Amino acid sequence: MHRTKSRHEILVAKIDLGKAYDRINLDILKSTLKDFGLLTGTVKLIMFCVQFFSVSLLWNGLKLPVFSPTRELRQGDPLSPYLFVMCMEKLAYLFNKKVSDKTWLPIHVSKGGPSISHLLFADDVLLFTKATKAQMRMLVSVLIAFCSASGLKVNFDKSRVMCSNNVSRRVKHDLSQISNIKFASNLGIPFNSW
């Protein structure tokens, strides 16, 4: 982004999904499992494991009363990361559909090279597109649709947008007004770790 020689104005948005595991809607989880082609019995078994469980804790050697947590997916549950990644594939599908419809304009890594529209890292999403108002509106509309279906929420305090050097302050201001996401000179990802 800092060294690009491209004339195209591009942006990268790092979207943080707050308390992601705790908010996954069980309906989207169930439909995702079906969309992945899992057998009905397998879907029922997974949903049973996610919905009906109880926990008991030992405190100073005494067993506390049994209780049932009220969150959807649980941190520390061995199934949770896999189920969460499957649900995030729904978001990837939405962006892939927009790319194939040519309404989402991905960026090219190099001249004549492959295009890239998104990368998913657990509860962080990197989105790549042209730095235009229409593309920012598209980004926001896809996130709103996904969040309302999945129960997830964008953490605006941790989310950031970064643009190529050829994007003017005025354009950055306009894009920020559309998305309510702050602009930054980097996304907090150390480049030397790549």
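Start by selecting D35 and K90: their side chains meet in a salt bridge, 2.4 Å from N to O. A salt bridge here is a side-chain nitrogen of Lys or Arg within 4 Å of a carboxyl oxygen of Asp or Glu. The pair links distant parts of the chain, with D35 in helix α2 and K90 in helix α4, 55 residues apart. Helices (H or I, at least four residues) and strands (E, at least two) are DSSP runs, numbered from the N terminus. D35 is exposed, at 57% relative accessibility. For that label and its relatives, buried means under 20% relative accessible area, exposed means over 50%, and partly exposed is in between (1.4 Å probe, protein chains only).

A word on what you're looking at: this is a predicted model, where local features need pLDDT of at least 70 and side-chain atom pairs count only at pLDDT 80 or more, while totals for chains, interfaces and linings use all residues. Residues are numbered from 1 along each chain as its sequence is written, and side-chain values use heavy atoms, with hydrogens and water left out.

How many salt bridges does the structure hold? There are four. Pick K97 and D101 next, whose side chains meet in one of them at 3.6 Å, N to O. D101 is partly exposed at 43% relative accessibility, and K97 is partly exposed too, at 38%.

Now hop over to helix α6 and select R170 and D174, which sit four residues apart, about one turn of the helix. They form a salt bridge, with the closest N and O atoms 3.5 Å apart. R170 is exposed, with a relative accessible area of 56%, whereas D174 is buried at 16%.

**The end of helix α6**

Stay with helix α6, which covers residues 169-179, and click on S179. S179 is buried, with a relative accessible area of 4%. Its side chain reaches the backbone nitrogen of I181 at 3.2 Å. Leaving out residues up to four places away in sequence, S179 touches M136, V140 and F156. Contact means heavy atoms within 4.5 Å.

**Into the core**

Select I15, L29, L127 and L152: they have the most contacts inside the largest nonpolar core, which has 41 residues. Such a core is a set of buried Ala, Val, Leu, Ile, Met, Phe, Trp, Tyr and Cys residues joined through side-chain atoms within 4.5 Å. Elements giving two or more residues to this core include β1 (10-18), α3 (40-51), α5 (133-150) and β9 (160-163).

Zoom in on L152. Which residues is L152 in contact with, leaving aside its neighbours within four places in sequence? They are L17, A20, R23, I24, F84, M88, F146 and C147. There's also a second, separate core of eight residues, which includes I10, V12, F128 and L187.

**Rings and sulfurs**

A search of the whole structure finds one aromatic pair. To see it, show F95 and W104, which are edge-to-face, at 5.0 Å centre to centre and 65° between the planes. Rings of Phe, Tyr and Trp (its six-membered ring) pair if their centres lie within 6.5 Å; planes under 30 degrees apart count as stacked, over 60 as edge-to-face and the rest as tilted. F95 is buried at 1% relative accessible area, and W104 is buried at 0%.

The structure holds zero disulfides, a disulfide being a pair of cysteine sulfur atoms within 2.5 Å. C87 is buried at 1% relative accessibility, and C147 is buried at 13%.

**Two loop stops**

Most residues other than glycine have a negative phi. Finish with two that go the other way. N60 has a positive phi of about 55° and lies in the loop between β2 (58-59) and β3 (62-63). N60 is exposed, with a relative accessible area of 73%. K102 has a positive phi near 65°, and you'll find K102 in the loop between α4 and β4 (107-108). K102 is exposed as well, at 68%.

Conventions
A polar contact is a pair of N or O atoms within 3.5 Å; within protein, one must be able to donate a hydrogen and the other to accept it, and residues adjacent in sequence count only if both atoms are side-chain atoms.
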